[in-house]
Amino acid sequence: MHTVEKIGGTSMSRFEEVLDNILVGGRQGSGLYQRVFVVSAYAGMTNLLLEHKKTGEPGVYQRFADAHSEGAWLEALEAVRLRMLARNAELFGGPFERQSANAFINARIDDVRACMQSLQQLCSYGHFQLGEHLMKVREMLASLGEAHSAFNTVLALKGRGVRARLVDLTGWHLDAPQPFERMIQSSFTDIDLGTELAVATGYTHCSEGLMNTYDRGYSEITFAQIAAATGAREAIIHKEFHLSSADPNLVGADRVVTIGRTNYDVADQLSNLGMEAIHPKAARTLRRAGVELRIKNAFEPEHGGTLISQDYRSERPCVEIIAGRNDVFGIEVFDQEMLGDVGYDLEISRLLKQLKLYVVNKDSDANSITYYASGSRKLINRATRLIEERYPAAEVRVHKLAIVSAIGSDMKVNGILARTVAALAAAGIGVQAVHQSIRQVEMQCVVHEEDYAAAVAALHQALIEPENHGDVIAAA
């Protein structure tokens, strides 16, 4: 029985450590095999190829989409080439390996350049519109980053005497795209995992178009589907940190503990707060296939990390993690006409979805409803104007807020709500709203944005530290 393991971009940028800790480590002989690795692009590379994920600074794709001439995007593409070649030089001291790595990525970039130039020329004719092809261009550019890191990983492993094999899921020169699941299945049909270490690209080219649905979350979707399709014993994600009881930067590294065990329900609650242990759609694939997920610290290979399974419940009811987000806007709609109208806010939900604002939660009473949404201030203001136009009798107000959540696989603890509110009050933090569902796996406290860090620390001190969980190490 094999494992399928994913290595993120930040970890891949510390490649020598990854090689020593994860890919090879102390393994020898047959111990090197029965593993599949799914690798992301090196940190920052996808930002250069597409656009910066946080700042929005345009990369090759965005410059191509906006450009009226070749110069803007060609310059950006050549900058990516130089960055990739520089990365190769850092990784490979020997001229043979470096030349092989350079030849691979130069050929890919040359192909992409020729394709984009031809497409731009074609779309200079009125019958062809560039907008109809942009998603394909976006996927093609994104695939460069994963192909680069996967090829280099195989090259480095072979240099250490490991029988490594590249599983190129990017569809390069494929006659026609296959359905996603078939693409994964067919790519692993003739691989003997007992004698080969497979390294797969995080991007998969398929007829559905992964980026249409998941945009830059595609690598975890690929990872989960490989684990499900190949019947993995366990799926493992290597991160730069442990899945801990809170953010150590807010609480203190000496106070947090590794969770050790939890379930997919908790992982979904974390995703809702923008703190993904794994993409929720990827988690669904693993759940349905009966594959457990382990989150490990890439730089502490001996630590068992946190095991996430479908049916786990803590031995006794408790809070496992304090998490949250401080980028939330509360859109409050007050209208006395909503009383008794169960469909009153359907148009509001539609507007927020149309604007691609992420709704973390909502609450309501007899004559008001509040959506807690995440997005840019510009989009929030636009949503407010549209709601006021659609509901002229309503009063709409916007509040800048933060949400702090206590989460656990079983939180049916008597008095936990009182303890939570009391802890925040003792810290001088005013609670704007509280949400606790009947399933009792999460309790959300809405506070002012400036109180976020203090609220996380206060709840961790009140709900987790007294339990003395200890640093639980899940059995590897």
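A salt bridge, as the term is used here, is a side-chain nitrogen of Lys or Arg within 4 Å of a carboxyl oxygen of Asp or Glu. In this predicted model, Glu78, Arg81, Asp110 and Arg113 are linked in a network of such salt bridges, and a search of the whole structure finds 20 of them.

**Confidence**

The average pLDDT of the chain is 91, and 98% of the residues score at least 70. Residues 470-476 stay under 50, and for this segment the model has 20 contacts beyond four places in sequence. Where pLDDT is low, the predicted coordinates should not be read in detail.

**Salt bridges**

| Pair | N to O distance |
|---|---|
| Asp20 and Arg160 | 3.0 Å |
| Arg165 and Asp190 | 3.2 Å |
| Arg350 and Glu347 | 2.5 Å |

The salt bridge between Asp20 and Arg160 ties together parts that are 140 residues apart in sequence, because Asp20 lies in helix α2 whereas Arg160 lies in the loop between α7 and β3 (164-167). Asp20 is partly exposed at 41% relative accessibility, and Arg160 is likewise partly exposed, with a relative accessible area of 40%.

In the salt bridge of Arg165 with Asp190, distant parts of the chain are again linked, since Arg165 sits in strand β3 and Asp190 in the loop between α8 (180-187) and β4 (197-201), 25 residues apart. Arg165 is partly exposed at 26%, while Asp190, at 52%, is exposed.

Arg350 and Glu347, by contrast, both belong to helix α14 (residues 346-354), where they are three residues apart, about one turn of the helix; Arg350 is partly exposed, with a relative accessible area of 42%.

**Surroundings of Asn21**

Helix α2 (residues 15-23) also holds Asn21, which is partly exposed with a relative accessible area of 23%. Beyond four places in sequence, Asn21 touches Ala298, Phe299 and Pro301, and the C-alpha atoms of Asn21 and Asn297 are 10 Å apart although 276 residues separate the two in sequence.

The structure holds zero disulfides. Cys445 is in no disulfide, and the nearest cysteine sulfur, that of Cys318, is 17 Å away, whereas a disulfide would need the two sulfur atoms within 2.5 Å. Cys445 is buried, with a relative accessible area of 0%, while Cys115 counts as partly exposed at 37%.

Tyr125 is placed in the loop between α6 (95-122) and α7 (134-159) and is exposed, with a relative accessible area of 51%.

Definitions and conventions
Residues numbered from 1 in each chain as written. Predicted model: local features only at pLDDT ≥ 70, side-chain atom pairs only at ≥ 80, totals over all residues. Heavy atoms only, no water. pLDDT = per-residue confidence, 0-100. Contact = heavy atoms within 4.5 Å. Helix = DSSP H or I, 4+ residues; strand = E, 2+ residues; numbered from the N terminus. Buried < 20%, exposed > 50% of the residue type's maximum accessible area, 1.4 Å probe, protein only.
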